[in-house]
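Work through the exercises below with the structure open. Try each task before reading its solution.

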Amino acid sequence: MPTIPSEQEPPQQLHRLRQVAESFGADAERYDRARPSYPGAMVARIVAASPGPDVLDVGCGTGISSRLFQAAGCRVLGVDADARMAELARRNGLEVEVATFEAWDPAGREFDAVVAGQAWHWVDAVAGAAKAAEVLRPGGRLAVFWNVAEPPADLAERSAEIYRRVLPDLPHDAATSPMDAYGAMAAKAADGIRQAGAFGDPEEWRFPWEQHYTRDEWLDVLPTHGFHTRLPPDLLQELLTATGAAIDAAGGAFTMRYTTLTLTASRPTP
């Protein structure tokens, strides 16, 4: 069982569970408010390693990562399959087109970077890499990234107990660490990049950071994660109540250790 869970479905099921990805818009305002951001060092490194400022954000959601690239001086176009998420992103000043990335029509447009925050595992790994290569200028960069959350060990243990009790039919694998789960996603993405045959060797970058959460702040985040968006209201409330009690027992707040895992590759320059 994931510790304090996020989108850590078994990697072999992720693409088949794409309907989960398209459920986040049910509470787009909460998603935009509560979801963690990404480290500025990662954004700066992607921008510096790209040949220009034109960025395509795949699975942009409400624009959490897009706004970071805009703040770094980039021109950003978002693509997202959920019209509800796209509408909120537009209200926040982002240009968004509604489509899955595989079906999206670039209409001859080219970009210096294609990025995807917390979204590439919903894209077909090979078709997505091939589509990215199609729209990238020579020297352009594909960079896909995930926030890997690792809570304090005592809170992780209490959380695992809660999920085993409330959701006994959910697969529980205490031996799989959050980094191992996301590492499997990154490995699948790397395989897709290699099979697409249009990029140099993929690289993995890691950016550690921390975020402090109060009880109420974390309970605001939790319903935006993975399968939680599709739980019946009574089960979700049971999870929230039990998790809130566990955080209270731990002092009412905690510090989450994050690592932003980034997989990246560039198109060769002729």
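**Exercise 1. Cover of a helix**

Task: Find what covers the buried residues of α8.

Solution. The model is a predicted one. Start with the cover: it includes α6 (125–135), β5 (136–150), β6 (203–214) and β7 (253–266). Next, list the residues that are covered. The buried residues of α8 are Pro 178, Met 179, Ala 181, Tyr 182, Met 185, Ala 186, Ala 189, Ala 190, Gly 192 and Ile 193. Now check the length. Helix α8 holds 19 residues, 178–196, and at 1.5 Å a residue it should span 27 Å. The span takes 1.5 Å times one less than the number of residues. The end C-alpha atoms of α8 lie 27 Å apart, so expectation and model agree. Last, look past the end of the helix. Gly 197 follows α8 and has a positive phi, near 70°.

**Exercise 2. Ring geometry**

Task: Classify the ring pair of Tyr 38 and Phe 145, then that of Phe 101 and Trp 104.

Solution. Two values are needed: a pair of aromatic rings is described by the distance of the centres and the angle of the planes. For Tyr 38 and Phe 145, the ring centres are 5.0 Å apart and the planes meet at 75°. The cut-off for edge-to-face is over 60 degrees. Therefore Tyr 38 and Phe 145 form an edge-to-face pair. This pair links distant parts of the chain. Tyr 38 is in the loop between α2 (28–34) and α3 (40–48), Phe 145 is in strand β5, and 107 residues separate them. Tyr 38 and Phe 145 are both buried.

Take Phe 101 and Trp 104 next. Their centres are 6.2 Å apart, with 20° between the planes, and the pair is stacked. Both partners are buried: Phe 101 has a relative accessible area of 2%, and Trp 104 has 4%. Then extend the search. Ring pairs join Phe 101, Trp 104, Phe 111 and Trp 120 into a cluster.

**Exercise 3. Charges over rings**

Task: Which ring lies under the charged end of Arg 45, and which under that of Lys 131?

Solution. For Arg 45, the ring is that of Trp 205; the charged end sits 3.9 Å from the ring centre. For Lys 131, the ring is that of Phe 101, and the distance to the centre is 5.6 Å.

**Exercise 4. A strand and its partner**

Task: Decide how far strand β1 is enclosed, and identify the strand it is bridged to.

Solution. Count first. Strand β1 covers residues 54–58, and five of the five are buried, so the rest of the structure largely encloses it. Then sort the side chains by direction. In a regular strand the side chains alternate between the two faces of the sheet. Asp 54, Leu 56 and Val 58 point one way from β1, while Val 55 and Asp 57 point the other way. Finally, follow the bridges. Five of them join β1 to strand β2 (residues 75–80), and the two strands run parallel. Asp 54 has Arg 75 as its bridge partner in β2.

**Exercise 5. A helix end and its contacts**

Task: What does Val 166 touch, leaving out residues up to four places away in sequence?

Solution. Locate the residue: Val 166 belongs to helix α7 (residues 153–166). Its relative accessible area is 8%, so it is buried. The contacts are Leu 235, Glu 238 and Leu 239. Check one of them by distance. Val 166 and Leu 239 are 73 residues apart in sequence, yet their C-alpha atoms are 6.9 Å apart.

**Exercise 6. Whole-chain totals**

Task: How many helices and strands does the protein have, and what percentage of its residues is buried?

Solution. The protein has 10 helices and seven strands. It has 270 residues, of which 53% count as buried. For contacts with a separation of 6 or more, 80% come from residues 24 or more positions apart.

How values were computed: Residues are numbered from 1 along each chain as its sequence is written. Side-chain values use heavy atoms; hydrogens and water are left out. Helices (H or I, at least four residues) and strands (E, at least two) are DSSP runs, numbered from the N terminus. Buried means under 20% relative accessible area, exposed over 50%, partly exposed in between (1.4 Å probe, protein chains only). Contact means heavy atoms within 4.5 Å. Rings of Phe, Tyr and Trp (its six-membered ring) pair if their centres lie within 6.5 Å; planes under 30 degrees apart count as stacked, over 60 as edge-to-face and the rest as tilted. A charge sits over a ring if NZ of Lys or CZ of Arg is within 6 Å of the ring centre and within 35 degrees of the ring normal. Two strands pair if DSSP finds at least two bridges between them.
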